[in-house]
Amino acid sequence: SQARKKPAASVTVAELLEALDCGRATLYRYIDRGLVPPPVDGDDALKRAKKLRKLLDQGYTLTAAEARLAAAEE
């Protein structure tokens with residue numbers, strides 16, 4: 001028998017919007033740029049959204065925040 005793959009925990013669009021304190025269009029722009037994973041990526045998407053919001057609150061531009069997030073993944 002094949003081992004079943006555990007489904008990834010999902011996060012809602014509403015949870016990401018709340019974490020980012022932004023509108024839906026902005027959220028999807030962040031997803032398109034790869035700044036935040038799509039909601040189906042669950043906990044990773046929510047954690048990444050919170051990190052992004054914190055960087056933006058600290059005055060980082062989207063480009064600078066993107067670089068910081070990428071550097072943190074290396």
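Mentor: We will go from the overall fold to the helices, then the core, and end with the salt bridges. One caution: this is a predicted model.

Trainee: How many helices and strands does the protein chain have?

Mentor: Begin with the inventory. The protein chain has four helices and zero strands. From the N terminus on, the order of elements is α-α-α-α.

Trainee: What share of the residues is buried?

Mentor: Of the 74 residues in the protein chain, 35% are buried. Buried here means under 20% relative accessible area. The accessible surface comes to about 5,300 Å², and carbon and sulfur atoms hold 49% of that.

Trainee: How do I read the contacts along the chain?

Mentor: Look at sequence separation. Take the contacts with a separation of 6 or more: residues 24 or more positions apart account for 44% of them.

Trainee: How do I check the length of a helix, say α3?

Mentor: Compare its span with the expected one. α3 has 15 residues and reaches 21 Å from first C-alpha to last, close to the 21 Å expected at 1.5 Å a residue. Just after α3 comes Gly59, with a positive phi of about 100 degrees.

Trainee: Which residues of α3 are buried, and what covers them?

Mentor: The buried ones are Ala45, Leu46, Arg48, Ala49, Leu52, Arg53, Leu55 and Leu56. Their cover includes α1, α2 and α4.

Trainee: Now the core. Which residues touch the most other members of the largest nonpolar core?

Mentor: That core has 20 residues, and those touching the most other members are Leu16, Leu20, Leu27, Tyr30, Leu35, Val36 and Leu52. α1, α2, α3 and α4 each supply at least two residues. α3 gives the most, with six.

Trainee: How many salt bridges does a search of the whole structure find?

Mentor: It finds three. For each one, ask where the partners lie in sequence, then how exposed they are.

Trainee: Where do Arg33 and Glu66 lie?

Mentor: Arg33 forms a salt bridge with Glu66, the closest N and O atoms being 2.9 Å apart. Arg33 is in helix α2 (residues 24-33) and Glu66 in helix α4 (residues 62-73), so this pair ties together parts 33 residues apart in sequence. Arg33 is partly exposed, at 33% relative accessible area. Glu66 is partly exposed too, at 27%.

Trainee: What is the salt-bridge partner of Glu73?

Mentor: The partner is Arg48, with the closest N and O atoms 2.0 Å apart. Glu73 in helix α4 and Arg48 in helix α3 (residues 43-57) are 25 residues apart, and the pair links distant parts of the chain. Glu73 is exposed, at 57%, whereas Arg48 is buried, at 12%.

Trainee: How far apart in helix α3 are Asp57 and Arg53?

Mentor: They are four residues apart, so about one helical turn separates them. Their side chains meet in a salt bridge at 3.0 Å, N to O. Asp57 is exposed, with a relative accessible area of 56%. Arg53 is buried, at 18%.

Conventions: Residues are numbered from 1 along each chain as its sequence is written. This is a predicted model: local features need pLDDT of at least 70, side-chain atom pairs count only at pLDDT 80 or more; totals for chains, interfaces and linings use all residues. Side-chain values use heavy atoms; hydrogens and water are left out. A salt bridge is a side-chain nitrogen of Lys or Arg within 4 Å of a carboxyl oxygen of Asp or Glu. Buried means under 20% relative accessible area, exposed over 50%, partly exposed in between (1.4 Å probe, protein chains only). The expected span of a helix is 1.5 Å times one less than its number of residues. Contact means heavy atoms within 4.5 Å. Accessible areas come from the Shrake-Rupley method with a 1.4 Å probe; for residues, only the protein chains shown count as cover. A nonpolar core is a set of buried Ala, Val, Leu, Ile, Met, Phe, Trp, Tyr and Cys residues joined through side-chain atoms within 4.5 Å.
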